[in-house]
Amino acid sequence: MSEFMERAYELSKRGFPSPNPYVGAVVVRDGKVVSEGYHQQAGLPHAEVEALRGIDARGATLYVTLEPCSHHGRTPPCTDAIIEAEIAEVVYAMDDPTDKVRGREILEKAGIDVRAGELSGKIERLNEAFIKHSKTSLPFVTLKAAMTLDGQTATAKGKSKWITGEAARKRVHHMRASSDAIITGIGTVLADDPKLTARDSQGPDPTRIILDSKLRIPSDAKVLAGGNAVIVTTESATMRDVPAEVIVCGEDEVDIEGLLAIMGGRGITSIMVEAGAKVNASFLGCGLIDKLVLFIAPKAMGGANRPVFSGDPIAEMDEANDLVFIPPEVVGDDIMLSAYPAGD
């Protein structure tokens with residue numbers, strides 16, 4: 001009955017639960033949906049508890065996108081609520097990647113039938129940041145860029161408003177809200193003075209991380225507004241007071257790998273890179289991109305303008321980064337093209 005798991009999957013995407021995973025749940029009896037729920041945000045009830053609240057679920061089947069939790073965290077174990085509700089069967093999509101969860105084992109010991117693996121692939125992709133952080137303590141890095149058909153991100157004078165249409169820009173704001181943090185470079189801040197907020201989304205604003213090796217950021221930069229910004233500089237910078245947290249990470253250039261380790265240690269599970277060609281090339285060259293998302297507009301500039309990546313050219317094709325596409329999506333008049341490093 002994959003339609004019920006499909007419904008749970010769609011419900012799960014409504015939440016902004018980081019650092020927890022996206023989870024949706026559907027209670028079914030006699031082939032009909034009785035109740036449903038999803039995990040809205042960390043600290044609030046999990047999807048299973050939301051779906052079971054206020055109903056008689058005795059003998060029903062619970063479809064849930066993730067193996068129910070069995071430990072005390074910010075909320076009680078979901079396995080307790082499922083057993084108490086006298087659910088007869090639990091169908092879940094993906095195993096929990098953390099060692100502390102033994103949901104299937106506990107439910108089966110309580111006499112509940114358990115099935116796993118339904119629609120696991122697409123739900124694992126939705127929770128790719130949670131999975132990576134659970135296994136490595138490092139954030140999942142998505143590099144996003146908007147470009148023309150001929151690979152340009154701005155004119156020769158740096159003008160980029162607007163390459164893509166309104167629908168694509170709204171999607172980017174949702175991506176920001178779904179990310180714990182955004183990384184950009186000081187060059188982008190000085191050129192565009194962006195806010196990097198999720199203003200067209202119902203979700204929260206991410207932490208804004210600015211790579212600024214010489215601490216050149218203006219104190220009135222828009223990206224610093226709201227107090228949710230971190231400036232990452234180096235030992236060679238001349239220190240001064242700025243209205244944000246300042247982290248020293250690297251001698252003359254920002255140590256990106258070290259920065260990711262610091263952010264992962266703070267519970268940052270996902271980072272989106274929205275930066276210029278130099279920063280983009282640094283992440284690509286260090287092999288630190290987990291996912292590449294390009295919004296491609298039906299425009300062509302011609303000539304040499306501003307590419308997505310800059311840096312030293314390569315001499316041989318085997319030096320190129322191999323990627324694997326997933327099916328593209330049309331967003332308004334633009335195309336959203338996503339790819340993962342080959343072999344991941």
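In which loop is P19 found? P19 is found in the loop between α1 and β1, where helices (H or I, at least four residues) and strands (E, at least two) are DSSP runs numbered from the N terminus. The structure is a predicted model, in which local features need pLDDT of at least 70 and side-chain atom pairs count only at pLDDT 80 or more, while totals for chains, interfaces and linings use all residues. Residues are numbered from 1 along each chain as its sequence is written, and side-chain values use heavy atoms, with hydrogens and water left out.

The peptide bond from S18 to P19 is cis, with omega near 10°. Two residues other than glycine have a positive phi: E86, near 60°, and S137, near 65°. Most residues other than glycine have a negative phi, and most peptide bonds are trans. E86 lies in the loop between α3 (78-84) and β4, and S137 in the loop between α6 (128-136) and β6 (140-148). With a relative accessible area of 49%, E86 is partly exposed; S137 is also partly exposed, at 44%. Here buried means under 20% relative accessible area, exposed over 50%, and partly exposed in between (1.4 Å probe, protein chains only).

An open sheet of mixed pairing is formed by five strands in the order β2-β1-β3-β4-β5. Two strands pair if DSSP finds at least two bridges between them. At the edges are β2 (32-38) and β5 (113-116), each of which pairs on one side only. Axes are lines fitted to C-alpha atoms, for helices over the stretch in contact, and angles run from 0 to 180 degrees between N-to-C directions. Strands β1 (residues 24-29) and β3 (residues 61-66) are paired in the antiparallel sense over four bridges, and the bridge partner of V26 in β3 is Y63. Helix α1 (residues 2-12) packs on the sheet and touches β1, β2, β3 and β4 (89-94); the direction of α1 makes about 145° with that of β1. Contact means heavy atoms within 4.5 Å.

A nonpolar core is a set of buried Ala, Val, Leu, Ile, Met, Phe, Trp, Tyr and Cys residues joined through side-chain atoms within 4.5 Å. The largest such core has 32 residues, of which I82, I87 and V90 touch the most other members. Two or more residues are given to this core by each of α1, β1, α2 (47-52), β3 and β4. Residues up to four places away in sequence not counted, I87 touches L52, A57, A60, L62, I82 and I112. A second, separate core has 30 residues, including A145, C249, A275 and I296.

No disulfide (a pair of cysteine sulfur atoms within 2.5 Å) is found in a search of the whole structure. The cysteine sulfur nearest to that of C69 belongs to C78, 3.6 Å away. C69 counts as buried at 8% relative accessibility. For C249, the closest cysteine sulfur is in C286, at 12 Å, too far for a bond. C249 is likewise buried, at 7%.

R306 is found in strand β14 (residues 306-307) and is partly exposed, with a relative accessible area of 38%. Leaving aside neighbours within four places in sequence, R306 is in contact with G151, Q152, T153, A154, T155, A156, K157 and G158. The side chain of R306 reaches the backbone oxygen of A156 at 3.4 Å.

Key. Polar contact = N/O pair within 3.5 Å; in protein donor to acceptor, adjacent residues only side chain to side chain.
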